[in-house]
Amino acid sequence: MDITISLNCPACGGTINASEGENVVICDYCDSALFIEGDSGVYTIAFKNKITKDSVVLESKRWWSEGFKARDLKRSGKVVECYPIYLPFWNIDLKVAGWICGYEEHIHTDSKGNMRKERIPKEIMIMKEYVFTEIACDPGDLGIRNLRNLSGETSFEDFEMIPTFESTTSRDDALQHAKDDAFSRARDSTRLTEITFERLHVLPRRIFLAYYPIWVVRYEYRDRMYVCTIDGVTGKIISGRAPGDPIFQSLAVTAGASIGGLIAAAGILISQADPGIALAAIGAGVAILYVFYRFFRRGSEIIVGDFSERSHSPGEILKEISEVTRKFQRVYR
């Protein structure tokens, strides 16, 4: 990626163009030899804003009509503010190398229901590359912590036109966070049940500060204010809060109780020869009821993005359901 930065000569005020990595230049107007000093060797780039205000408003209203948001949001919602800003993000490329040893556990059940645990020793070589991003300032109530898109045209020409947040976190802190994240992802990649030994090395390959254009849309619905953010490069929604619909919440409770109850009742009716079937059916019924209860409890506000109180991913919900089911089975086993 070739990057050219425009500066002004301190002697004559003429424009100087310096390419990435170049620290000595000659002014084309007064022949002054100039030395360019950067901020501790951290490259800085800026992505060019490609989105207009009209398209941002259209994308926001399209998002309002998605999912389980209030059904009249698109009709009653009113955009109060819509403006672009530049947010800084640390972007770090790392390579992890080393070894991890441990065990995989498999549980086998025979035809009589007897369970047997098998432990298989594993020795896994790690050689992986990771990309870590982290916001370099306090984004306030915008619900943005990481940068998901890393491609697009780079340019500093919008810096004079668009408000820019300055970086307030250090390069060393970001690098330590990136190393911790790389260690964690390397361990998770092994899928070992138990890790008994590891020797890993993290090698940072590239660190730079990226300024990224974000559109902030603040809107009003039934005398309450909400916010959503749009990617200034891709034009897609990044984060946002939107009102839920009480009817969807009521339907969720009714459907959860009905479906969960029917599954539990059916399991009990057909389980005369095997009590395990009844237990499994009741557990499944409780799990289904819990899924709908979660929607009921959090459905008053639909949240997307990295807010402190955010929507959970399907994987996180399944993990939580699995834990609830296991607790239930332990109680009634």
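**Cores and rings in a predicted model**

The largest nonpolar core here has 24 residues, and W90, I92 and V96 have the most contacts inside it. A nonpolar core is a set of buried Ala, Val, Leu, Ile, Met, Phe, Trp, Tyr and Cys residues joined through side-chain atoms within 4.5 Å. Buried means under 20% relative accessible area, exposed over 50%, and partly exposed in between, with a 1.4 Å probe and protein chains only. Strand 6 (78-109), strand 7 (115-135), helix 3 (171-190) and strand 8 (194-221) each give two or more residues to this core. Strand 6 supplies the largest share, six residues. Helices (H or I, at least four residues) and strands (E, at least two) are DSSP runs, numbered from the N terminus.

A word on the source: this is a predicted model, where local features need pLDDT of at least 70, side-chain atom pairs count only at pLDDT 80 or more, and totals for chains, interfaces and linings use all residues. Residues are numbered from 1 along each chain as its sequence is written, and side-chain values use heavy atoms, with hydrogens and water left out.

Back to I92. Leaving aside neighbours within four places in sequence, I92 is in contact (heavy atoms within 4.5 Å) with Y130, V131, F132, A174, L175, A178, R206 and I207. Apart from that core lies another, of 18 residues, including F89, L142, V216 and V233.

Now the protein as a whole. It has six helices and 11 strands. Of its 333 residues, 37% count as buried. Among contacts between residues at least 6 apart in sequence, 71% join residues at least 24 apart.

Next, the rings. How many aromatic pairs does a search of the whole structure find? Three. Rings of Phe, Tyr and Trp (its six-membered ring) pair if their centres lie within 6.5 Å; planes under 30 degrees apart count as stacked, over 60 as edge-to-face and the rest as tilted. W64 and Y219 have ring centres 4.6 Å apart and planes at 40°, so this pair is tilted. The pair links distant parts of the chain, with W64 in helix 1 (residues 53-64) and Y219 in strand 8, 155 residues apart. W64 counts as buried at 1% relative accessibility, and Y219 at 0%. Y219 also pairs with Y226, and that pair is stacked, at 5.7 Å centre to centre and 20° between the planes. Y226 is buried too, with a relative accessible area of 7%. W64, Y219 and Y226 form one aromatic cluster.
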